[in-house]
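Please examine the sequence and the model below. The account that follows leads through the structure step by step.

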Amino acid sequence: MNRRTLAKAALYFILSVGAISMLAPFVWMALTSIKQPGEVFAAGGGIKWLPEHFFWRDTIVDCAKYRAWWGNYPDAWNEINIPRLYMSSIFVAAVGTFGQVLTSAMAAYAFARLRFPGRDKLFFAYLATMMVPGSVTMIPLFVILRKMHWINSYSGLIVPGLFSAYGTFMLRQFFMGLPAELEDAAKIDGSGYMGIWMRVILPLSKPALATLTTFTFMGFWGSYMWPLVITVTEPLRTLPIGLRYFVGQHATNYTQLMAGSMIAVVPVLLLFIFNQRYFVEGIKLSGMGGK
Amino acid sequence: MNNAKTKPVEKRTSARRRETLAAYGFLAPNFLGFLAFTSIPVIISLFMSFTHWNIFKSPAWVGFENFSSLLGFHHEDARLVPNDPFFWQYVYNTVYLMIGIPIGMMGSLLIALMMNQKLKGIVFFRTIYFLPAVCSGVALLILWKYLYNADIGLINQMIRSVGGALYSSPATGLMTTVLLAIFFGLTMIGCVALIMLLVMYICSRLGLQWKEGIYRVLLIAFGSGVFIAIGAYGGAVHSAILSFISTPPDWLGTVQWAKPALIVMGLWGGLGGYNMILYLAALQGVPSSYYEAAEIDGAGPWAKFWSVTWPMISPTTFFILVMSIIGGFQSGFMTANVMTGGGPAGSTTTIEYYLYQTAFEKFNMGYASTIAWVLFGVILILTLATWKLGGRVVTYE
């Protein structure tokens, strides 16, 4: 064995150890979710990975037992109204993302390609606000929305998140890098600004738009503090808030909690695994803003 | 003649006007929203920080009272006592939890260096390492609360079973302790060496020269100190390990373990995440001709890393550092809210969680706004300081 293969083997070994420690909690979550509540205690100081009963291991499939193992899922499903939470989360994230990308793309076009008095000063003001922590604006926002009777409404959940300085900044950087020739050609063909924006700028910026869409969607999807503050009643709760209340009710019933967590996590994981290439490319693109 | 001369100018000004109008049109939706949901709230927030305002009554102007009760000190039995001792404890917690930032950055860079090798199946590993980052959120916090559970958690089950097996007989137990001590000592020395290298690098960029000899002497002194300490306290360490294995701690329930436990959880979630991908992109952006040139000069892998890779990726390091500092001061709300409730004894309450409690549990909106502005001030000062220092250390092409 030469040194190269040895180094390679060592690398694979380290990567595998890391991968196992990354995966172990997920495996633990999945296996706990099909255990019976009493089975989470490990007798005799061992690690108890597997549930005691898999239905394929017993020769006679006992219906009552069968319900008990997988029963955590229907129980969790019924109790936290998962479909409702998903619908709410998807609705908020989809509308919010669409609005934010749209307003950002419009403003970014003005900042990157059009000349108007005060442009640079205004852009600097946008950049400056990116430094302001969310908690500074959150409290007055809550007070304003309370006056507008927007507490506990979809408008209150979505509208304040529609306008993003970060999205504007990122798209502006991308638009600046687009070649001017195509724009000039469209101008000669008699296109107005709207036409140029729709038919030249946006089609050329698909990668940047896809990145912003992904991150904005993930931002809305995982958003926690604002929905917690703004939603009062159950129908409006998004997935993270619903899970939070689920924890409140089942402080120690971990088999059910893991089933609920599985339901919340697995669709997102699958979505990521099948689209991970785009995620990675997107992060690389967004990181270029820091260069 | 006259007419022909003015016409293009007129045309240009009208085109200008059209462009300005179009620009305002494109800006309007974003700008109005920005005004209503960012600019105006910022101004109101500043006003609120000078008031007492329980949301149900009208605000009462109190000048700087909030600021002095948050940041000020008073005399008590000839000692200086902070007016709001909780706030300082929570600042300490927040900064303590930020220890995870440099560790995480080092780890992310190491993983990115491994991911940058041309190996089969590397995409598979990259996907796995990224998994925690993609489904970050309440579900994972619930999972970790369970992992850290004193009786039924995976971590304590592992400590009990693996530790129990290793320490089942005195001989294997003693051997394990010795191996652990050596491993721990070497890790400590490695970390210190790495930090010294970094300090040397920054010093050299800032124009301060260190002698290589000083560095070696310091490292050797530190290393022998570590091993002497381990040797001297060996017996105590051994019995401490034994009692640790038989009764592993309730990680989130004890004051001294709660914060380290949260840091470890953060590392698990962050090592292979966004920062790693950013580092990977930066590594892939280093031109291979630079490495070839370094090889011609006779540089080994170590020298190549410090003279080519590290300076070339320094903008990314700087970017990640600034973003992490900004994020670090605003973090900890979700963890506290879902997992610990800020406890035990306030040991996992961060500034952000304190702010939330003040605003939305005690409805003390004025005081909460003051906390928000102090937080903003700290972030601003630290970011500017990092920026200033970074301008001298970071290499831009």
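In this predicted model, the contact between the two chains involves 70 residues of chain A and 74 residues of chain B. On the side of chain A that touches chain B, six helices of chain A each supply at least two residues: α1 (3-32), α4 (82-113), α6 (134-147), α12 (225-230), α13 (239-249) and α14 (254-287). The largest share of that side, 15 residues, is provided by α14(A). By class, the residues of the side of chain A that touches chain B comprise 50 nonpolar, 14 polar and six charged.

Within chain A, attention may turn to a pair of packed helices. Helix α8 (residues 165-176) of chain A packs with helix α11 (residues 206-222) of chain A at an angle of about 165°, and their axes are 10 Å apart. Angles over 145 degrees count as roughly antiparallel, and α8(A) and α11(A) are therefore roughly antiparallel to each other. The crossing of these two helices, α8(A) and α11(A), is right-handed. From α8(A), the residues Gly167(A), Met170(A), Leu171(A) and Phe174(A) take part in the contact, and they meet Ala208(A), Leu212(A) and Thr216(A) of α11(A). This contact of α8(A) with α11(A) has five nonpolar and two polar residues, with no charged ones.

There remains helix α9 of chain A. Is this helix, α9 (residues 181-188) of chain A, buried or in the open? Of its eight residues, the number buried is zero, so α9(A) lies largely in the open. After α9(A) comes Gly190(A), which has a positive phi, near 90°.

Notes
Residues numbered from 1 in each chain as written. Chains lettered and ligands numbered in written order. Predicted model: local features only at pLDDT ≥ 70, side-chain atom pairs only at ≥ 80, totals over all residues. Contact = placed C-beta atoms within 7 Å. Helix = DSSP H or I, 4+ residues; strand = E, 2+ residues; numbered from the N terminus. Nonpolar A, V, L, I, M, F, W, Y, C, P; charged D, E, K, R; others polar. Axes fitted to C-alpha atoms, helices over the stretch in contact; angles between N-to-C directions. Parallel < 35°, antiparallel > 145°, perpendicular 65-115°, else oblique. Left-handed = near helix turned anticlockwise from the far one by under 90°. Buried ≥ 20, exposed ≤ 12 C-beta atoms within 10 Å, placed from the backbone.
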